[in-house]
Amino acid sequence: MYRFYVERDAIVKEEIILTGEDVNHIRNVLRMRAGEEVILCDGMGTDYWCRLKELTKEFVTASIITKSASETELPTRFVLFQGMPKKDKMELIIQKAVELGVWEIVPVITKRTVVKPSEEKKEEKKRERFQAIARAAAMQSMRGIIPKVAQELSFLDALKKARTLDAVLIPYEEARGIEYTRKVLAKLVADGVGSIGIFIGPEGGFEKEEVQAAQDMGASCITLGHRILRTETAGLVTLSLLMTAFEI
């Protein structure tokens with residue numbers, strides 16, 4: 001069944017009104033007609049099963065049949081603190097992280113980051129593009145929310161943000177063996193933590209003092225195995241492990 005996202009203010013009593021690009025997609029691309037059913041999601045975890053009622057060039061009206069909490073969200077919120085990579089790697093990371101269940105993505109500027117902070121206008125345009133990628137990935141994977149792509153933060157500011165989370169992981173090539181990683185993940189599941197931060201370094205990884213700073217604020221330093229993973233791979237592997245562990 002087709003799925004679209006709507007703003008909360010588009011939900012009026014027992015009806016939902018769609019406007020913008022979705023109208024053209026429903027009418028002219030999918031060629032849907034009145035009486036057909038769709039799922040409309042408020043992007044905040046609630047799905048509305050609806051029946052199309054009226055289709056015009058300006059808007060589409062759908063009657064709500066029933067609503068329920070989305071079944072595609074994980075019980076734990078994962079926040080990916082991603083060291084900014086070069087070129088288009090960030091777009092891939094955002095797309096796949098959303099598919100794997102991430103709650104929020106925070107681009108981070110570290111000591112080894114090659115990409116430098118953008119001017120304010122360029123930064124806003126870049127974030128809008130990143131958010132559009134997150135939205136498309138959320139739609140494709142039938143997410144109940146649209147994960148937020150935050151503004152770029154320095155490493156220290158990212159650590160401050162991470163202090164609000166229940167647990168923090170930092171994969172590092174010099175961390176102890178994989179059995180320790182298994183124990184850390186098992187304890188997080190057993191404790192039923194509500195939120196986990198994941199710090200991933202850029203190309204070249206973290207400086208040792210950055211890893212130490214993360215550990216000093218309570219982060220668990222883990223290994224992902226004997227192989228050295230690229231920055232665009234490490235975060236996705238970590239999310240995959242967490243998704244498998246916490247999926248219910």
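Figure 1. Glu99 is partly exposed, with a relative accessibility of 31% (buried means under 20% relative accessible area, exposed over 50%, partly exposed in between, with a 1.4 Å probe and protein chains only). The model is predicted: local features need pLDDT of at least 70 and side-chain atom pairs count only at pLDDT 80 or more, while totals for chains, interfaces and linings use all residues. Residues are numbered from 1 along each chain as its sequence is written, and side-chain values use heavy atoms, with hydrogens and water left out. The side chain of Glu99 meets that of Lys96 in a salt bridge of 3.6 Å, N to O (a side-chain nitrogen of Lys or Arg within 4 Å of a carboxyl oxygen of Asp or Glu). Lys96 is also partly exposed, at 29%. Both residues lie in helix H2, three residues apart, so about one helical turn separates them (helices, H or I with at least four residues, and strands, E with at least two, are DSSP runs numbered from the N terminus).

**Figure 2. The salt bridge between Lys111 and Glu209.** The closest N and O atoms of Lys111 and Glu209 are 3.1 Å apart. Lys111 is exposed, at 55% relative accessibility, whereas Glu209 is partly exposed, at 43%.

**Figure 3. Lys89, Glu203 and Glu232.** These three residues are linked in a network of salt bridges. Within it, the side chains of Lys89 and Glu203 meet at 3.2 Å, N to O. Lys89 is in helix H2 and Glu203 in the loop between E12 and helix H6 (208-216), a separation of 114 residues. Lys89 is partly exposed, with a relative accessible area of 24%, and Glu203 is buried, with 18%. In the whole structure, 19 salt bridges are found.

**Figure 4. The largest nonpolar core.** A nonpolar core is a set of buried Ala, Val, Leu, Ile, Met, Phe, Trp, Tyr and Cys residues joined through side-chain atoms within 4.5 Å. The largest one has 37 residues, of which Ile94, Leu188 and Ile196 touch the most other members. Elements giving two or more residues to this core include helix H2 (89-99), helix H3 (120-140), helix H5 (178-191) and strand E12 (195-200). Beyond its neighbours within four places in sequence, Leu188 is in contact with Ala167, Leu169, Val193, Ile196 and Phe246 (contact means heavy atoms within 4.5 Å). A second, separate core holds 22 residues, among them Val79, Ala150, Phe155 and Ala175.

**Figure 5. Val106 in strand E8.** Val106 is found in strand E8 and is buried, at 0% relative accessibility. Not counting residues up to four places away in sequence, Val106 touches Val79, Leu80, Phe81, Gln82, Ala150, Gln151, Leu153 and Lys161. Gly35 is 71 residues from Val106 in sequence and 41 Å from it in space, C-alpha to C-alpha.

**Figure 6. The largest cavity.** On a 1 Å grid over the protein atoms alone, a cavity is a set of points where a 1.4 Å probe fits but cannot get out, and lining residues have an atom within 4 Å of a point. One cavity of 30 Å³ or more is counted. The largest cavity contains about 40 Å³ of space (grid points are joined across faces, edges and corners, and a volume is the space filled by probe spheres set on the points). Its lining consists of Glu73, Leu74, Thr76, Arg77, Phe78, Gly101, Trp103 and Arg143. Of these residues, three are nonpolar, two polar and three charged (Ala, Val, Leu, Ile, Met, Phe, Trp, Tyr, Cys and Pro count as nonpolar, Asp, Glu, Lys and Arg as charged, and the others, Gly among them, as polar).

Technical notes
1 Å grid on protein atoms, 1.4 Å probe; cavity = no way out; pocket = protein on both sides within 12 Å on 5 of 7 lines; lining within 4 Å.
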